[in-house]
Amino acid sequence: MEDAINTARMLSEALPYLQRYSGAVVVVKFGGNAMGDDEAMAEFARDIVLMRQVGVNPVVVHGGGPMINEMLQKLGIKSEFVRGKRVTDKATVEVVEMILSGLVNKRIVQAINDQGGRAVGISGKDDDLMVCEADDPELGFVGRPVEMNVQVIRDLYNAGIIPVIAPVATGMKDNETFNVNGDTAAGAIAGALQADRLLLLTDVSGVKNAAGEVMTQITPDEVRQMTTDGVIAGGMIPKTETALMALDQGVRAVTILDGRIPNACLLELFTDHGAGSQIRSTAPRVTPRRR
């Protein structure tokens with residue numbers, strides 16, 4: 001009985017947050033080690049289905065780097081690197097499209113459907129959703145989004161369907177394919193949708209200050225200063241750059257959170273606790289009443 005009472009209390013305390021996000025568009029970037037773990041995948045899928053059930057419009061964008069690396073090794077395709085970044089040649093981009101649009105995308109779709117949701121998998125190529133140019137000519141077919149056509153995503157979530165999007169894009173030329181960084185794709189999609197929230201799931205606990213403490217609330221100006229000072233460095237730089245780009249395009253808030261935490265998305269959206277570092281330039285539109 002005590003467990004049941006605690007569950008009922010948690011549901012009651014979540015009410016202001018459920019009201020706050022009813023009808024909101026929330027873009028979730030999913031990736032990392034959780035993608036290779038069946039239990040973690042099922043838990044993520046349940047969270048996404050629950051979000052949809054309570055009136056949120058979740059849009060899932062995924063990566064798949066480890067799976068791409070594994071397939072390249074199996075096929076004997078050697079990778080070259082420029083300044084630490086993989087050169088994506090014609091053979092590599094074909095493998096990228098096969099793994100992201102096929103294996104990974106459909107695995108996530110199936111996981112969501114298995115939990116009672118309705119999911120449809122697409123890529124940035126579908127309906128010219130994401131059109132790219134080469135981000136750096138030396139890197140080959142690594143794309144930078146220059147044109148977004150997100151009506152297909154709206155059509156899906158307005159029909160009650162959860163879009164699951166692979167970060168593979170078309171180019172400005174015919175028969176041109178680009179691999180897009182998953183965070184970059186999620187930020188571009190969130191910006192084009194004017195999403196209420198962008199959640200970037202990572203394998204770290206969030207953005208840390210000079211003392212190594214996770215910062216739960218950060219402004220864009222603080223992010224820029226911390227980057228200049230070298231506090232934000234390494235792999236966190238592209239994530240915070242994506243966050244700033246999304247905010248500039250109209251996303252209300254971006255959260256960089258640890259996807260290894262159970263039910264991380266639900267903690268971030270529907271509790272006082274949160275689950276990472278939220279970057280926003282304005283005060284929340286609605287502040288839930290605290291008990």
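In the predicted model, helices α8 and α9 cross with a left-handed sense. The axes of α8, residues 220–228, and α9, residues 236–248, come within 11 Å and cross at roughly 150°. Because angles over 145 degrees count as roughly antiparallel, α8 is classed as roughly antiparallel to α9. On the α8 side the contact involves P220, V223 and R224, which meet T240, L244, L247 and D248 of α9. By class, this contact of α8 with α9 comprises four nonpolar residues, one polar residue and two charged residues.

Strand β11 spans residues 197–202 and includes T202. T202 has a relative accessibility of 6% and therefore counts as buried, the limit for this class being under 20%. The T202 side chain reaches the backbone oxygen of V204 at 3.1 Å. When residues up to four places away in sequence are not counted, T202 touches K239, I256, L257, D258, G259 and R260.

For N175, phi is near 60°. N175 is located in the loop between β9 (168–171) and β10 (177–179), and with 75% relative accessibility N175 counts as exposed. For Q194, phi is near 55°, again a positive value in a residue other than glycine. The loop that holds Q194 runs between α7 (182–193) and β11. The relative accessibility of Q194 is 49%, so Q194 counts as partly exposed; the exposed class requires over 50%.

How values were computed. Residues numbered from 1 in each chain as written. Predicted model: local features only at pLDDT ≥ 70, side-chain atom pairs only at ≥ 80, totals over all residues. Heavy atoms only, no water. Helix = DSSP H or I, 4+ residues; strand = E, 2+ residues; numbered from the N terminus. Buried < 20%, exposed > 50% of the residue type's maximum accessible area, 1.4 Å probe, protein only. Polar contact = N/O pair within 3.5 Å; in protein donor to acceptor, adjacent residues only side chain to side chain. Contact = heavy atoms within 4.5 Å. Axes fitted to C-alpha atoms, helices over the stretch in contact; angles between N-to-C directions. Parallel < 35°, antiparallel > 145°, perpendicular 65-115°, else oblique. Left-handed = near helix turned anticlockwise from the far one by under 90°. Nonpolar A, V, L, I, M, F, W, Y, C, P; charged D, E, K, R; others polar.
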